[in-house]
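Here are my notes on how the two chains sit together. Have the model open while you read.

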There are 2 protein chains.
Amino acid sequence: MNILGIDVGGTSIKGGIVNEKGEMGNTFVYPVNKKENQYECLNSLMKVIDEYLIKEDKKIDGIGIGVPGTVSTDLGEVTYCSNLLWERLPICKILEEHYKVPARVSNDANAAALGEARFGAGKDYKNLVMVTLGTGVGGGIVINNELFEGTDGKGAEIGHSTLIMDGIPCGCGRRGCFERYASATALINQTKEAIEENPNSMLAELATRDGAAHAKIVFEAAKLGCPVANKVVEQYVHYLSEGLLNICNIFRPEVIVLSGGIANQGSYLTEKVSKYLAAQSYGYPYSPKVEILISQLGYNSGIIGAASLLISQK
Amino acid sequence: MNILGIDVGGTSIKGGIVNEKGEMGNTFVYPVNKKENQYECLNSLMKVIDEYLIKEDKKIDGIGIGVPGTVSTDLGEVTYCSNLLWERLPICKILEEHYKVPARVSNDANAAALGEARFGAGKDYKNLVMVTLGTGVGGGIVINNELFEGTDGKGAEIGHSTLIMDGIPCGCGRRGCFERYASATALINQTKEAIEENPNSMLAELATRDGAAHAKIVFEAAKLGCPVANKVVEQYVHYLSEGLLNICNIFRPEVIVLSGGIANQGSYLTEKVSKYLAAQSYGYPYSPKVEILISQLGYNSGIIGAASLLISQK
């Protein structure tokens with residue numbers, strides 16, 4: 001089985017053929033031309049795919065697409081994607097007519113969760129939730145080995161559940177969403193605030209050295225013993241863990257998989273979070289422990305995740 | 001098909017035979033004797049059931065039990081029920097051995113949600129979440145006509161997800177849980193505070209008349225135009241709606257069914273909540289509307305819900 005996985009990003013669209021074992025060979029990249037409208041963009045993408053398929057000399061059995069926006073799984077269209085200004089784009093229909101194979105579209109966080117469940121950190125589990133800590137907080141839910149997306153694919157927006165009602169305004173229109181406190185963007189803001197308040201801290205020094213307050217810096221400074229950075233990290237762990245506790249209490253999955261830049265902190269982060277969750281979990285000490293793992297699929301997780309939309313369960 | 005539904009409550013245990021259409025005839029009630037330990041209690045209950053079955057002269061095909069506490073669906077036991085001081089009670093095994101039919105146990109809010117999905121307000125929908133606004137806030141999740149309970153039946157604790165991180169302490173050990181703001185208990189507390197601050201309000205007057213600050217009074221006073229009561233109701237709608245918005249964004253069910261005492265306010269409540277949700281929902285205006293309905297099964301919903309654990313999907 002050969003499934004073409006397409007990972008739509010804000011500046012480029014990547015893709016590749018993935019087999020039923022989640023293995024992938026060569027990939028293609030199409031740098032998005034922002035001057036093109038959505039139909040022109042899709043036409044240009046299809047030309048790149050045509051060339052790729054000729055070069056690979058493989059027949060494909062289906063196409064899976066992951067998009068950083070909202071989709072309609074019922075209609076097979078991209079409902080809205082702010083990065084690319086795609087709106088109500090019937091992407092599945094267009095690709096199906098051109099390639100004569102079934103196509104399926106999903107939100108990129110959902111697709112990534114399914115890929116991780118099939119072939120990555122979640123492959124030994126039937127029930128998992130993946131949380132992507134990036135610009136925002138993305139969520140993907142796998143129940144009984146199947147993706148759960150809600151009506152018309154418009155659920156699983158875990159980043160847009162409240163952590164603090166009436167808190168920090170969110171792009172979604174609400175206030176106090178989880179992603180306003182636990183995304184990489186949020187951590188950068190928390191770090192910047194700490195630097196402003198503590199201009200002589202080691203944290204401030206490292207930020208000056210790097211010319212920016214990356215999320216990485218605050219972990220580096222905390223590990224080096226900077227009390228200011230440590231306080232930022234502890235508060236961030238508090239925000240993140242409270243959001244993950246909600247997932248534990250609502251879904252009680254076997255495992256939560258973390259991905260995105262912040263997840264690169266690995267066990268330094270998961271140990272802190274696991275400790276917090278164990279004692280605070282509903283029904284403790286009788287409730288089953290929820291494992292906190294780091295995603296394994298890495299750079300190509302988007303392509304593999306998108307392809308997995310067409311690969312039936314393990 | 002005849003399924004015995006058993007609805008365990010804090011002071012009494014009710015039950016009755018329910019058929020595959022959700023229809024029920026006579027019921028029995030066993031008033032719990034608090035002096036009995038859990039095994040004695042179960043023995044006494046079985047004697048009541050034995051008599052009931054002889055009187056009804058019906059063979060049963062299974063037993064479903066709903067319990068106000070945590071359960072282990074894997075072990076078929078009640079993990080912990082604070083009202084009755086039941087702990088690790090292997091209720092399914094004991095009932096299966098005595099009655100020679102399969103038994104299944106679940107949390108009462110979960111069982112009620114399944115009953116409502118099969119035979120009540122949710123019978124035309126495949127995906128629903130039921131929220132019970134009582135002493136606490138109970139949650140039940142039905143996905144694709146099946147109950148979703150999480151690993152070992154220890155999920156679906158929607159009342160124990162944060163509305164306000166670090167907020168009001170909750171019995172579960174966390175702070176700021178949804179149920180601390182949206183339960184009937186919470187509304188009563190909110191009403192009492194308003195009365196204390198406004199002793200000359202119509203709300204205070206009604207409370208004096210009734211000798212207590214029931215949750216009902218605040219709605220009555222608000223409908224009569226009391227501005228103090230109106231403010232309490234609007235704030236309560238804000239709390240409730242924000243919690244329901246989380247459900248919309250995470251599950252995007254077709255419908256949310258409200259039950260419990262507060263749900264008796266009917267359309268007065270659902271209209272306010274629906275208006276709030278429509279505009280605040282993630283992906284608005286493209287996201288599918290989530291209907292807010294009131295439960296229909298009424299007084300015997302616990303028995304029918306418990307029985308529905310053994311009645312396969314519609």
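1. First, the ground rules. This is a predicted model, where local features need pLDDT of at least 70, side-chain atom pairs count only at pLDDT 80 or more, and totals for chains, interfaces and linings use all residues. Residues are numbered from 1 along each chain as its sequence is written, chains are lettered from A and ligands numbered from 1 in the order written, and side-chain values use heavy atoms, leaving out hydrogens and water.

2. On the contact (heavy atoms within 4.5 Å), chain B puts in 43 residues and chain A 43 residues. The copies meet through the same surface, because 100% of the interface residues of chain B are also interface residues in chain A.

3. About 3900 Å² is buried between chain B and chain A, 59% of it on carbon and sulfur atoms. Buried area here is the accessible area (1.4 Å probe) lost on putting the two parts together, summed over both.

4. Between chain B and chain A there are two salt bridges (a side-chain nitrogen of Lys or Arg within 4 Å of a carboxyl oxygen of Asp or Glu). One of them pairs A:Glu242 with B:Arg174, with the closest N and O atoms 2.5 Å apart.
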